[in-house]
Amino acid sequence: MKRFGVSLEDELLDKLDTLVERHTFPNRSQAIRFLIRRHLTTEQWKSNREVSGCLVLVYDHHKSDLQNKLTAIQHDFHHLVLCSQHVHLDHSNCIETITLKGKAQELQELADRLIAVKGMIHGELVMSVIR
Ligand code: NI
């Protein structure tokens, strides 16, 4: 661990402190580490590196053929899917989390296709890294 000084305008420092408070970071250093790592994650996705991620889908399983389409699309990209978990939220709605690993562009393509299936209520890809 190395220490270094950072000069910031008052306004930017206030924003950093707001971020520290909102996220309940223990200190500014932890907040800065978080911001740097998040930036590096975005860069890894932009440069199509080997990454990981988790896709969250919410849908009504009564919608015709929706579940069959989700399964067919995942089979087309089976090499990216590490695991998936399906939970029945209530009588109609299901939440599914699909954990993914592979080239960023392929993960994005798979997520886009699943989110675009007719009848999907919510879909969001959380981008992460392998390291
Ligand atoms: Ni269900």
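Analyst: Start with helix 4, residues 104-115, which has twelve residues and reaches 16 Å from its first C-alpha to its last, close to the 16 Å expected at 1.5 Å a residue. The expected span is 1.5 Å times one less than the number of residues. Helices (H or I, at least four residues) and strands (E, at least two) are DSSP runs, numbered from the N terminus.

User: Where do these coordinates and numbers come from?

Analyst: This is a predicted model, in which local features need pLDDT of at least 70 and side-chain atom pairs count only at pLDDT 80 or more, while totals for chains, interfaces and linings use all residues. Residues are numbered from 1 along each chain as its sequence is written, and side-chain values use heavy atoms, with hydrogens and water left out.

User: OK. Which residues in helix 4 are buried?

Analyst: Ala104, Leu107, Leu110, Ala111 and Leu114 are buried in helix 4. They cover an arc of only 130 degrees around the axis, so they sit on the same side of helix 4. The arc is that of the directions from the helix axis to the C-beta atoms. Buried means under 20% relative accessible area, exposed means over 50%, and partly exposed is in between (1.4 Å probe, protein chains only).

User: And Gln105, buried or exposed?

Analyst: Gln105 counts as exposed, at 54% relative accessibility.

User: What is the phi of Asn48?

Analyst: Asn48 has a positive phi of about 55 degrees, although it is not a glycine. Asn48 is in the loop between helix 2 (28-46) and strand 1 (50-60). Asp65, in the loop between strand 1 and helix 3 (66-76), also is not a glycine and has a positive phi, near 70 degrees.

User: Switching to helix 1. What is buried there?

Analyst: Leu16, Leu19 and Val20 are buried in helix 1. Seen down the axis, these buried residues fall within an arc of 100 degrees, so they line one face of helix 1. The face turned away from that buried side carries the exposed residues Asp10, Glu11, Asp14, Lys15, Glu21 and Arg22.

User: Which residue does Lys15 form a salt bridge with?

Analyst: Lys15 forms a salt bridge with Glu11, and the closest N and O atoms are 3.4 Å apart. A salt bridge is a side-chain nitrogen of Lys or Arg within 4 Å of a carboxyl oxygen of Asp or Glu. Lys15 and Glu11 are separated by about one helical turn, because they are four residues apart in helix 1.

User: How many salt bridges does the structure hold?

Analyst: The structure holds four salt bridges. Among them is Asp76 with Arg113, where the closest N and O atoms are 3.6 Å apart. That pair links distant parts of the chain, with Asp76 in helix 3 and Arg113 in helix 4, 37 residues apart.

User: Last one. What coordinates the nickel ion?

Analyst: His86 (NE2), His88 (ND1) and Cys94 (SG) coordinate the nickel ion, at 2.0 to 2.4 Å. Donors are N, O and S atoms within 2.8 Å of the metal (3.2 Å for Na, K and Ca), and water is not among the atoms, so sites may look incomplete. Along the chain the donors follow the spacing H-x1-H-x5-C.

User: Is Cys94 buried or exposed?

Analyst: Cys94 is buried, with a relative accessible area of 1%. His86 counts as partly exposed, at 28% relative accessibility.
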